Amino acid sequence: MSKKRALITGVTGQDGSYLAEFLSDKGYEVFGLVRRVSTDPFVRIEELTEKGKIQVIYGNMRDVATLTNALEISKPDEIYNLAAQSHVGVSFICPDETMDINYQGLKRLATEAFHLNPKVKIYQASTSEMYGNTLPPQNEESVFAPVSPYGESKLLAHEKVVVPFRNKGFFICSGILFNHESPKRGKHFVTRKVSHSMVKIKFGLQKTLVIGNLESKRDWGFAGDYVEAMWLMLQQDTPEDFVIATGENHSVREFVEEAGRYLGIPITWEGKGLKEVGKDKDGRIIIKINKDFYKPNETFISKGDFSKAQNKLGWKPKVSFEELVRMMTDHDLKILS
């Protein structure tokens with residue numbers, strides 16, 4: 001029996017890297033679409049290719065000819081569209097680019113993919129940001145009300161591409177993933193910024209962690225758990241959308257405190273609002289708040305209900321919040337030591 005073939009867009013990102021390893025271990029022949037850049041991506045291509053995990057195809061979600069080329073080379077049974085302008089804050093600065101990659105990019109990919117192979121299965125990486133400030137817990141029936149260009153672009157991709165193609169009989173589904181983190185997360189994301197900065201503070205390489213809204217709450221899970229859910233969705237007989245989450249939420253403050261606890265840096269909070277600071281046991285200020293790091297439209301609370309995924313896919317998260325924070329902090333300890 002021939003190997004299954006998979007094409008992953010966004011393979012050099014956090015999720016793409018974990019998914020490439022997961023599928024390779026499952027016996028897949030894995031192809032990764034890589035956008036050529038002059039600097040190293042978050043996950044270096046060599047880390048995947050040296051292990052024989054993927055075959056690289058250069059291309060771009062904004063260039064339909066390169067997508068067609070990637071599809072003709074890879075001849076995939078399954079496509080995992082993880083490529084995106086995925087930073088919510090940056091989406092306010094670059095809304096047109098965000099829309100073109102996240103919405104039009106999927107439209108280009110799905111159109112070409114189904115034209116070449118009507119039986120191919122496509123997974124679309126949707127997001128909890130599509131819910132905006134809809135009250136938790138959010139599930140597959142909750143109202144979508146995005147408050148960022150990123151959330152809007154992903155919602156358009158879902159409503160204008162996923163749903164219409166599925167209604168025509170093609171296999172395409174959305175994984176509505178809540179925040180998922182890992183040691184592979186880029187340092188411009190708040191979780192990795194916290195773990196990396198707290199370790200630098202421990203080693204005396206940095207005096208202060210400057211951060212935004214401490215009260216913002218997220219449903220944080222481990223990316224390594226979530227890629228299994230992506231795969232499970234494409235193993236079903238019919239395409240359906242699934243919320244993937246932990247069912248818990250924690251504040252940025254809790255993330256900072258847990259990282260500090262693991263590093264032996266207990267934090268004491270003083271002051272209120274933007275004047276609040278976090279001090280170490282010697283009374284030194286190591287945490288400050290800067291309003292510039294607040295998002296223009298902040299989604300304050302997210303908490304997903306993954307019961308459908310548990311019932312239909314047999315999926316549930318394995319890594320706890322505390323384990324996730326310690327995993328990321330320990331990774332930065334090893335790097336910086």
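**Exercises on a seven-stranded sheet**

The open sheet has seven strands in the order E3-E2-E1-E4-E5-E6-E11, with parallel pairing. The model is predicted, so local features need pLDDT of at least 70, side-chain atom pairs count only at pLDDT 80 or more, and totals for chains, interfaces and linings use all residues. Residues are numbered from 1 along each chain as its sequence is written, and side-chain values use heavy atoms, with hydrogens and water left out.

**Exercise 1.** Determine which strands stand at the edges of the sheet.

*Solution.* Step 1: strands are DSSP runs of E with at least two residues, and helices are runs of H or I with at least four, numbered from the N terminus. Two strands pair if DSSP finds at least two bridges between them. Step 2: E3 (55-58) and E11 (242-244) each have a single partner strand, so one side of each lacks a neighbour in the sheet.

**Exercise 2.** Describe how E6 is joined to E11.

*Solution.* Step 1: E6 (residues 171-177) and E11 run parallel and are joined by three bridges. Step 2: Ile176 has Val243 in E11 as its bridge partner.

**Exercise 3.** Is His180 buried or exposed, and which residues does His180 contact?

*Solution.* Step 1: His180 lies in strand E7 (residues 180-181). Step 2: the relative accessible area of His180 is 10%, hence buried (buried is under 20%, exposed over 50%, partly exposed in between; 1.4 Å probe, protein chains only). Step 3: beyond its neighbours within four places in sequence, His180 is in contact with residues including Gln14, Asp15 and Tyr226 (contact means heavy atoms within 4.5 Å).
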